[in-house]
Amino acid sequence: MAGAALGTTATAQDESGFQAYLQTLAAQAESRGVSRATLDAVLPTLTYNPRVVELDRAQPGADPNAPIPDFAPYRARHVDQSRIDRGRQAYLAQRPRLAAIERETGVPESIMVAIWGHETNYGAITGNFDLPRALASLAYEGRRRELFSNEFIATLKMIDRGVPREQLKGSWAGATGNPQFLPSVYMRVARDGDGDGRADIWTNEADTLASIANYFVDAGWRPGQPWGLAVAVPSSFDRSRALNRVRSPRCGRVFDRHSGWKSMAEWRSMGLVPLDKPWPGDQVQATLLEPDGPGKGGFLLTGNYRVILDYNCSNFYALSVGLLADAVDH
């Protein structure tokens, strides 16, 4: 019984502290342009959510010495026949709209569909946490206060912009809608794809696809370049001739696995052979990644692959998006 009483006391203290902290968040939000009407509508409805804090604390740490698993099992789960088939259905159903977005942005139709499929299985799994409550709770907990307080304020700005409160559901960490945008990303890149005056990434497929494409434009997608291509690497290949000598300040463990940059003409002269695509232009730059080690398959990856990494900085994620896009396109 004593343990139960302690738990109840701790919960009450968290709730009391949370309510006091909301006043700090409210002042920050108002100073950054959030309307008083939105604050008065939202803040009284919020209570502390210990579940999102548990989930955040349970996130695995980035152990630099942990072994990297093989890519093949991940690929089998994320580029499976069901996801390919559903992607092709979405691709065909949205063809006119996708084609128009690609003409406008240069982002391939298949890449938009692959992001949608990878993030939420084409809208089937988008999360059911109340975003204002989850983000305010995570900000109060404090481990990543700056991130989550900024995302909470961006959520309030979404309401000011006309997004209905009941639509603001998502993952425990604040990603929402078909493309799983954080609120700040929604504010920056969400687009109205069908001309109805709203950017509805929750129920509107046109807005979802236009917003994904705009994210890629914003991140620097280069029209006309592939994301990458699978290659056969000769057994005689001397990897010391292509070492990466630059340490990335962001996602170092992801980029450390890549070779240095070389042109497609240079890679061809070193004996690499494309497996399922033609060579891109000779001057297109690419890095070599062998995700499961030498002799187990390789990929030449262009600057557009780095744009996919901007969406989620994981080689396995970005490779799977590219491979799903290629499969949907066939």
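Predicted model: local features only at pLDDT ≥ 70, side-chain atom pairs only at ≥ 80, totals over all residues.
View 1. Buried means under 20% relative accessible area with a 1.4 Å probe, protein chains only. Strands are DSSP runs of E with at least two residues, and helices are runs of H or I with at least four, numbered from the N terminus. Strand β4 (residues 262-263) runs antiparallel to β6 and is joined to it by 2 bridges; K262 has A286 as its bridge partner. Strand β7 (residues 298-301) is also antiparallel to β6, over 3 bridges, and T287 stands opposite L301. Two strands pair if DSSP finds at least two bridges between them.

**View 2. The aromatic pair of Y186 and W202.** The rings are tilted, 5.5 Å centre to centre with 40° between the planes. Rings of Phe, Tyr and Trp (its six-membered ring) pair if their centres lie within 6.5 Å; planes under 30 degrees apart are stacked, over 60 edge-to-face, the rest tilted. Y186 is in helix α10 (residues 183-189) and W202 in the loop between α10 and α11, 16 residues apart. Y186 counts as buried at 2% relative accessibility, and W202 at 14%.

**View 3. A charge over the ring of Y21.** The charged end of R145 sits 4.5 Å from the ring centre of Y21. This contact requires NZ of Lys or CZ of Arg within 6 Å of the ring centre and within 35 degrees of the ring normal.

Residues are numbered from 1 along each chain as its sequence is written. Local features need pLDDT of at least 70 and side-chain atom pairs 80 or more, while totals for chains, interfaces and linings use all residues; side-chain values use heavy atoms, without hydrogens and water.

Terms used: Buried < 20%, exposed > 50% of the residue type's maximum accessible area, 1.4 Å probe, protein only.
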